[in-house]
Amino acid sequence: MPATIIDGKAFAARVRTQVAGHVTRLKQDHGITPGLAVVLVGEDPASQVYVRSKGKQTVEVGMKSVEHKLDAQTSEADLLAVIDRLNKDPEIHGILVQLPLPGHLDEDLVINSIAPEKDVDGFHISNVGLLGTGQKSMVPCTPLGCLMMLRDHHGSLSGMEAVVIGRSNIVGKPMAQLLLGDSCTVTIAHSRTKDLPEVVRRADIVVAAVGRPEMVPGDWIKPGATVIDVGINRLDAPEKGEGKTLLVGDVDYESCAAVAGAITPVPGGVGPMTIACLLANTVTACCRANSLSEPE
Ligand code: NDP
């Protein structure tokens, strides 16, 4: 049987509709407009695309969007001053500093200067600690999107064997925490893992967050397993025309889809869910800031 394709684009559209509904209620019932501030330092082209897309979607769901574009030479003190102003601004409920930052800026210091309750990316050390201890936190958007798709597809994940390939702070580790929180048996694999194919073959759920184009072939996948492909890799595609590129994930889609029970495509899988979850986190932050019950 061919794998079910988990349609992240359609799922994200549903999440945005729900967010827009919450925003309308916050405005009508409480006179509050949730606000999201995005801070971009430098001119990294991929970051510029993400920031544009975040701003556009923020406005589309009825929230206030603020963008701070700082030049690549901005000093740490100036960046921290911008964040400090946003921390104190009552109209801003979510703050996101687009990563990566230019090399002269200390990413940990910058992220940890965001007020934890406004840290809609969930990267502040307080939120990492809260997530790790199973307490209410801001959950990183990409793993949250993956979890939502998995819950939607499976219902309960309890007792399932999950293998997360990748141990980054922004995807792999929080993904593993979330799966553990849903009572999966979790393995985190990385570049030093011995016999990765055998480890992956145990999994009912495979989350690939590696950054290596099409690294996971179908013969690593247990028949019927669910494959969540977080990878976004841009390859040159001269066959499509001069200068054209092709977006592929970390799994080899064709061979994995032939064995898996369900799979997310690239593009149209995890990617759209990330921004939708950012918007949802901003509404959550806004509700918490105003002591209102937050969306489920
Ligand atoms: P990082 O580079 O921070 O982490 C990659 C991880 O993969 C590391 O833990 C590394 O191991 C591991 N790894 C590298 N090579 C291998 C290998 N041969 N075998 C096993 N493990 C390996 O990447 P990110 O977590 O930031 O991102 C991962 C992917 O997800 C990228 O393609 C990125 O573009 C994409 N991404 C997509 C998002 C979305 O919205 N869809 C959001 C964020 C990321 P080690 O620690 O040992 O070096």
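What percentage of the 296 residues of the protein count as buried? The answer is 43%, where buried means that 20 or more other C-beta atoms, placed from the backbone, lie within 10 Å of the residue's own. This is a predicted model, in which local features need pLDDT of at least 70 and side-chain atom pairs count only at pLDDT 80 or more, while totals for chains, interfaces and linings use all residues. Residues are numbered from 1 along each chain as its sequence is written.

View 1. Helices (H or I, at least four residues) and strands (E, at least two) are DSSP runs, numbered from the N terminus. The C-alpha trace spans about 50 × 45 × 35 Å along its principal axes. A compact globule of 296 residues would have a radius of gyration near 19 Å, and the protein agrees, with 19 Å; the radius is taken over C-alpha atoms, and the globule rule is 2.2 Å times the number of residues to the power 0.38. Among contacts with a separation of 6 or more, 67% join residues 24 or more positions apart. Here, a contact means that two C-beta atoms, placed from the backbone, lie within 7 Å.

**View 2. Strand β2 (residues 35-41), a covered strand.** Let's look at both of its faces. G35, A37, V39 and V41 on one side are buried, and so are L36, V38 and L40 on the other. Strand β2 runs parallel to β3 (residues 64-70), joined by seven bridges, and L40 stands opposite K69 there. Four bridges join β2 to β4 (residues 94-97), also in parallel, with V38 opposite L96. Two strands pair if DSSP finds at least two bridges between them. Together with helix α2 (residues 45-60), β2 and β3 make a right-handed β-α-β unit: with the strands pointing away from the viewer, the path from the first strand over the helix to the second runs clockwise. An unreviewed UniProt entry annotates residues 6-121 as "domain: Tetrahydrofolate dehydrogenase/cyclohydrolase catalytic".

**View 3. An open sheet of six strands with parallel pairing.** Follow the order β1-β11-β8-β7-β5-β6. At the edges stand β1 (4-5) and β6 (185-189), each with a single partner strand, so one side of each is left without a neighbour in the sheet. Four bridges link β5 (residues 161-165) with β7 (residues 205-208), and A162 stands opposite I205. UniProt, again in an unreviewed entry, lists residues 140-288 as "domain: Tetrahydrofolate dehydrogenase/cyclohydrolase NAD(P)-binding". Over these residues the chain is 36% helix and 19% strand.

**View 4. M175 in helix α7 (residues 172-181).** Is M175 buried or exposed? M175 counts as buried because it has 29 C-beta neighbours inside 10 Å. Leaving aside neighbours within four places in sequence, M175 is in contact with P143, C146, V164, V207 and A209. S255, 80 residues from M175 in sequence, lies 24 Å away, C-alpha to C-alpha.

**View 5. Helix α10 (residues 270-289), end to end.** Its 20 residues should span 28 Å, and its end C-alpha atoms are 28 Å apart, which agrees; the expected span is 1.5 Å times one less than the number of residues. Since 17 of the 20 residues of α10 are buried, the helix is largely enclosed by the rest of the structure. After α10 comes S291, with a positive phi near 50°.

Conventions. Buried ≥ 20, exposed ≤ 12 C-beta atoms within 10 Å, placed from the backbone. UniProt positions renumbered as here; feature names shortened; annotations may be inferred.
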